[in-house]
Amino acid sequence: MTQRILVILPHPDDEAFGLSGTLASYIQQGYEVTYACLTLGEMGRNMGIPPFANRVTLPKIRKQELLESCDAIGIQDLRMLGFHDKTIEFEDQPYLERVISELLEELTPELVFTFYPGYSVHPDHDATGAAVIRTITRMSAESRPTVQCLAFSRDCEQALGKPDVEYDVRAYLQQKVASIRAHRSQFQAAELMGTETLTEQELNTRYGWERLWTYQFAD
């Protein structure tokens with residue numbers, strides 16, 4: 001039986017820093033990964049350095065960047081769901097949850113990655129994670145996939161404890177760096193690497209581990 005993973009995040013680039021190495025690792029192990037990206041990040045403030053995008057062209061550019069990032073990671077099943085950037089918290093909740101439910105029913109994943117609601121800084125992050133959790137909560141306990149969450153608010157460890165999942169992605173830094181660099185309008189090579197070339201040890205230290213929290217359902 002094919003082992004499946006479903007990633008549900010709101011923006012192009014959400015996958016890059018915190019999840020790309022993990023996903024590349026799972027893909028190499030034979031898992032099929034579906035990435036459901038809710039928006040094209042069309043309201044992003046960054047336009048490249050020097051600017052090469054504008055408010056009109058940014059959605060098309062970010063779509064292409066997302067495709068390149070998925071190619072770098074090895075993701076073959078990308079679903080661009082067409083929601084509008086910076087409005088996920090205002091979307092019709094039953095409709096959003098129905099879209100998520102249909103993905104879960106189609107794919108029956110063993111593992112779902114999303115943001116931890118309330119601890120992921122951006123309103124779209126929190127709203128996406130909350131919709132995923134609400135939808136999966138309604139599933140029977142025996143049929144629920146494991147849900148692992150990204151979180152990076154300042155108080156996340158104080159509230160949630162230390163991450164209980166730690167992925168060693170040092171063998172996948174090539175894919176991870178390529179995923180980050182694909183999002184050229186949002187991240188520049190100078191921001192990724194600093195002003196100097198990083199040694200292998202520095203790369204391993206800075207990007208070699210991805211840490212997540214397993215969501216604990218009440219039942």
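Predicted model: local features only at pLDDT ≥ 70, side-chain atom pairs only at ≥ 80, totals over all residues.

Tutor: Residues are numbered from 1 along each chain as its sequence is written, and side-chain values use heavy atoms, with hydrogens and water left out.

Student: How many helices and strands does the chain have?

Tutor: Helices (H or I, at least four residues) and strands (E, at least two) are DSSP runs, numbered from the N terminus. Counted in this way, the secondary structure comes to 8 helices and 7 strands.

Student: What radius of gyration does the chain have?

Tutor: The radius of gyration is taken over C-alpha atoms, and the globule rule is 2.2 Å times the number of residues to the power 0.38. For 219 residues a compact globule would have a value near 17 Å, and the chain agrees with this, having 17 Å.

Student: At roughly what angle do the axes of helix H1 and helix H6 cross?

Tutor: Axes are lines fitted to C-alpha atoms, for helices over the stretch in contact (heavy atoms within 4.5 Å), and angles run from 0 to 180 degrees between N-to-C directions. The residues of H1 that meet H6 include Phe17 and Ala24, while Lys176 and Ile180 are among those on the H6 side. The axes of H1 (residues 14-28) and H6 (residues 173-182) come within 8 Å, and they cross at roughly 145 degrees.

Student: Which element gives the most to the lining of the largest pocket?

Tutor: A pocket is an open set of points on a 1 Å grid over the protein atoms alone, where a 1.4 Å probe fits, with protein on both sides within 12 Å along at least five of seven lines, and lining residues have an atom within 4 Å of a point. About 950 Å³ of space lies in the largest pocket, and of its 35 lining residues the closest to the centre are Asp14, Phe17, His125, Phe152 and Phe187. H1, helix H5 (156-160), helix H8 (200-207) and strand S7 (209-214) are the elements that give two or more residues to this lining. The element that gives the most, with 4 residues, is S7.

Key: Points joined across faces, edges and corners; volume = space filled by probe spheres on them.
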